[in-house]
Amino acid sequence: MIPVTTLKGKKVALFGLGGSGFATARALVAGGAEVTAWDDNPDSVAKAGAEGIAVADLRTIDWNGLSALVLSPGVPLTHPKPHWTVDLAHAADVEVIGDVELFVRERRAHAPDCPFIAITGTNGKSTTTALIAHILQSSGRDTQLGGNIGTAVLTLEPPKAERYYVVECSSYQIDLAPTLNPSAGILLNLTPDHLDRHGTMQHYADIKERLVAGSDVAIIGVDDSYSWLIADRVERAGVKVTRISRRHPLADGLYAEGSRIIQAATAASSEIADLDGIQTLRGGHNAQNAAAAIAACLAVGLSADQIRAGLKSFPGLKHRMQPVGRRGRVVFVNDSKATNADAAAPALASYDNIYWIAGGLPKEGGITSLAPLFERIAKAYLIGEAAPAFAATLGEKVPYEISGTLERAVAHAAADADRDEHAASAVMLSPACASFDQYKNFEVRGDAFVSHVAAIEGVTMLVGSATGGN
């Protein structure tokens, strides 16, 4: 835990007692703050009270003299309208912040020079975050991984010299971190997302820009117009910018040329890494993720040799294009995190001969947008509620069966792939659907896939079969 000493002796209101909110309340109390916490869920309030955290309906407290309202990132700050606690805070001239802001204040207070890499973007955040942390860890660095990737940032070890922090930041977290100042800040890309919470695409982009604008080194993907303009704007403001691209050569920066990552500078260009043969970094989207990770690791002092070694040993992000087993020419890929068609597209684009397991609780639009990738699919195995609709979309374009259950789909796909004479095939769970018709969440679905793969005779597992972990 990181005790929040920067608010010691101060009165603080906190709203939101979910996972990160509860961790924040504990950290504030541990640091000596006078916390009053609340949540709409009575069970969460009761749990906090039982742990000794002071609780009270924030509508009833005196806001005069409060130093801050600490808001959980899932609570609306601006759109579709500010949460009622935000209105109360603004009326009393109380600042509204989140857990990432508390972390950056603790870093400045106790170890301002410890390396801190922050990652944001619409797509690819989690893979890039996990990849950076893996490269750092494999080079022997004391590495702390957290943020939006699933570990609350204030549950990490306290800042100290030579301790490296790798923190994934959502737009919600950035919006609540006005003094965010990483050693290296990454903006991967921008496409419309979360506009219900940010109002317009421009406002969403403006929030993302704050992360790189406050960085010592800003690493920015320039393959979309919003990010391109942000790179120019941040550079004009005096920030050192490293541009990255998966689509175009750059005169200065890092870009992908097939599987090769090229480091370009005014004087010369040279290959810094080759992703060929690294199963966990297949596809153009992962070339961008790798370029960003390389740039960040260079910025905090790693050598090219250390980075290349880390890339080669990267086990992949659990449930995201994760190779989990192999039998002969067939690789089994867990992409359970692909809960809609757009999320499934990168995995389908990364393999040439796919036995595709898809379906679950359908999302709007189904899989029609994936039609350009159908030629890569040898056969589809449809499960869950979406099976009839997906079958109608596939029609005569792709051979399919309605398997019904994931267990049956894995068994049938493995048997069919084993008979395939292609040089390489993939049995892939990339559902393009939510899991809730058959599983609690995509993690449980992915773990079930791994267990079913492990039960197939002759499969060599690449991950632990019990949980799908590495």
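I began with N123, which is partly exposed because its relative accessible area is 44%, where buried means under 20% relative accessible area, exposed over 50% and partly exposed in between, for a 1.4 Å probe and protein chains only. I kept in mind that this is a predicted model, in which local features need pLDDT of at least 70 and side-chain atom pairs count only at pLDDT 80 or more, while totals for chains, interfaces and linings use all residues. Residues are numbered from 1 along each chain as its sequence is written, and side-chain values use heavy atoms, with hydrogens and water left out.

I placed N123 in the loop between β5 (116-120) and α5 (125-138), with helices (H or I, at least four residues) and strands (E, at least two) taken as DSSP runs numbered from the N terminus. Not counting residues up to four places away in sequence, N123 touches L188, N189 and T191, where contact means heavy atoms within 4.5 Å. G124 is also in the loop between β5 and α5, and it counts as partly exposed because its relative accessibility is 26%. With the residues up to four places away in sequence again left out, G124 touches L188 and N289.

I then looked at the UniProt record, an unreviewed entry, which places the feature "binding site" at G121, T122, N123, G124, K125, S126 and T127; such annotations may be inferred rather than shown by experiment, and the feature names are shortened, with positions in the numbering used here.

**Strand β19**

I next turned to S425, found in strand β19 (residues 425-429), which counts as buried because its relative accessibility is 5%. Leaving aside neighbours within four places in sequence, I found S425 in contact with R329, V330, V331, N353, Y355 and D420. The C-alpha atoms of S425 and Y355 are separated by 7.5 Å, although the two residues are 70 apart along the chain.

**Cysteines**

How many disulfides does the count come to? I found zero, taking a disulfide as a pair of cysteine sulfur atoms within 2.5 Å. C114 is in no disulfide, and the nearest cysteine sulfur to it, that of C169, is 14 Å away. C297 is likewise in no disulfide, with the nearest cysteine sulfur, that of C114, 15 Å away. I noted that C114 counts as buried because its relative accessibility is 1%, and that C297 is buried, with a relative accessible area of 0%.
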